[in-house]
Amino acid sequence: MKSSVDTERAVRDLRDVFVRSMMWSALASADIRSKYRLSTLGSLWITMTTGAMVLAIGLFYGQFFGQDMHSYLPYFTASYITWSFIASVFGEASTTLIGSGNLIKSSQMPIVFHIMRMMQRNLIIVLHNAVVLAAIWPFVRWSLYPSALLSLVGLVLLYLFLVGVSAIISIICVRYRDIPPLIQVLTQFLFFLTPIIWYPEQIHTGKKILALNPVSYMLIVVRDPVLGRPVEIQSWIIAIFLAAASVLAGSLMYVRFRRRIAYWV
Amino acid sequence: MPSIVVENLSIDIPVLTLRAQSLRTVVVAKARAVGGTIIDSGTRISVVRALDQISFTLGEGDRLGLIGPNGAGKSTLIRVLADIYAPSAGKIERQGTLIPMFDIGIGFDQEATGYENIFLRGMMMGLTRREIADRTDEIAAFSELGEYLDLPIRTYSAGMTLRLMFSIATSVAGDIILMDEWISVGDVSFQGKAQKRMLDMTGKAGILVIASHDPSILLQHCTLGMRLEKGRVVDFGPIATVLDRPKLAAAG
């Protein structure tokens, strides 16, 4: 039996995301620190592994497909870094509430904080990975315009988009336990429908289907400005709309189902 | 003035079988059910009425002990009081800050040091950096762990870990303290201190609710008792009376 008390509590939780942001962000930092505690390089390993992977695949793919390395390597690096953020969030969202069952049933931590903690962890990782892009610039030297800063705006939009989607995914997955593997499959599928290893200009047939992929727009507004690639105003509008719609949908879902989560987990 | 008012509270817990948790099975079952005989696909959700129309009021100074066999609803009730489960029917109104103390070891990171864990637990309890800093010395002193606090807690013995957990958990103060099945802590020398600290903490609380199987803990900390059986209140009154009543019933 729903009541206004439940709605009030859920709305308060959402407000606390901003008011008590210290709680979930500090816990996220602690998670990262804990994971790399006993290693020599600490969290710098995140950057190293991405760097090694990007170098190997970028150089190899570039030669194999005969791409011009000067444009392909930074393109692939920026795409890969952004895509790992997205894929990691999709995957972790499907298990985050299930894994936090203990905390949900024994503590007062607002349930949305578990989602924000997961998002923050992944944000810390993507910022570590962004260093790789900066590290290859001296070697490739693509033109950097002031508009490159728009990538940060794109990142904010992507973050908001992912918060909303994570809320939806995590709540569905807590109720229906066969969804997490489905998310994995869908993510794999999306990898090929999103311009990560190929350029959007290369596609001729099937362009309309690709235009329906929301992740493409979110990826493009993060990746293209820093590379100096022009972004259509239309893509920005769609990205802003997707971010707003996602946050709204996620919030509504949270408010509607928050009280059930403790029973499902 | 802290208070808890519970009116006709019922909690229905859905029991999701493996099949009911599968979206595919649920969708297929619904599709099959249209216009035909009802086939039991195992996706119906059974519901357990964990609490059945419970009403009571607690005010400043009330210390309630929840008594009853396993599965009677003590843990469920205490989680409703802690605002973790929402009522399925009836209502509950609370005034005052809630301090739920259920899992003493929750949120501990084995690889982190004692001090870092004090910080982590503080964060999880919703304290600010300043509040945690203010309490750290006091927690460290009470636990008597000294230099060990700079080492990762995976190096601690079980007793030391318990000391740390206990010191952190009892460092908070609040209007309404809720405890579920707390164990007695540590070695003999620590037990005396621990008991005194518990009494201090529960004494300062406006309202205390403890669920426990141990009559001595209940007698030590509580003034009122509530006996639950199968989700219903079967007895409510002064703690000593409620604890003794089944014995009287058996004898008479």
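User: What does buried mean for a residue in this predicted model, and is Thr170(B) buried or exposed?

Analyst: Buried means under 20% relative accessible area, while exposed means over 50%. In this predicted model, Thr170(B) has a relative accessibility of 6%. That value is under 20%, so Thr170(B) counts as buried.

User: Where does Thr170(B) lie, and which residues does Thr170(B) touch, not counting residues up to four places away in sequence?

Analyst: Thr170(B) lies in the loop of chain B between α5 (158-169) and β6 (176-180). Leaving out residues up to four places away in sequence, Thr170(B) touches Met101(B), Trp182(B), Arg197(B) and Met201(B).

User: Arg197(B) also has a charged end; over which ring does it sit?

Analyst: The charged end of Arg197(B) is 4.1 Å from the centre of the ring in question. That ring belongs to Phe142(B).

User: In chain A, how far is the charged end of Arg175(A) from the centre of the ring of Tyr176(A)?

Analyst: The charged end of Arg175(A) sits over the ring of Tyr176(A). Its distance from the ring centre is 4.5 Å.

User: How many aromatic pairs are found over all chains, and what kind of pair do Tyr72(A) and Tyr199(A) form?

Analyst: A search of the whole structure gives eleven aromatic pairs over all chains. In the pair of Tyr72(A) and Tyr199(A), the centres are 6.2 Å apart and the planes stand at 70°. An angle over 60 degrees counts as edge-to-face, so this pair is edge-to-face.

User: Which parts of the chain does the pair of Tyr72(A) and Tyr199(A) link, and how many residues apart are they?

Analyst: Tyr72(A) is in helix α4 (residues 69-99) of chain A. Tyr199(A) is in the loop between α8 (179-193) and α9 (207-210) of chain A. The pair thus links distant parts of the chain, 127 residues apart.

User: Are Tyr148(B) and Tyr156(B), which form an aromatic pair, buried or partly exposed?

Analyst: These two rings form an edge-to-face pair, 6.1 Å centre to centre with 85° between the planes. Tyr148(B) has a relative accessible area of 40%, so Tyr148(B) is partly exposed. Tyr156(B) has 8% relative accessibility and therefore counts as buried.

User: Which residues form a nonpolar patch on the surface with Leu44(A), and what is their accessible area together?

Analyst: Leu44(A) lies in helix α3 (residues 44-65) of chain A. Leu44(A) is partly exposed, with a relative accessible area of 45%. The patch is made of Leu44(A) with Leu41(A), Trp45(A) and Met48(A), and together they have an accessible area of about 360 Å².

Conventions
Residues numbered from 1 in each chain as written. Chains lettered and ligands numbered in written order. Predicted model: local features only at pLDDT ≥ 70, side-chain atom pairs only at ≥ 80, totals over all residues. Heavy atoms only, no water. Phe/Tyr/Trp six-rings, centres within 6.5 Å; stacked < 30°, edge-to-face > 60°. Helix = DSSP H or I, 4+ residues; strand = E, 2+ residues; numbered from the N terminus. Buried < 20%, exposed > 50% of the residue type's maximum accessible area, 1.4 Å probe, protein only. Lys NZ or Arg CZ within 6 Å of the ring centre and 35° of its normal. Contact = heavy atoms within 4.5 Å. Patch = residues over 30% accessible without salt bridge, like charges linked within 9 Å, V, L, I, M, F, W, Y side chains within 5 Å. Areas by Shrake-Rupley, 256 points an atom, 1.4 Å probe, with all protein chains shown as cover. Salt bridge = Lys/Arg side-chain N within 4 Å of Asp/Glu carboxyl O.
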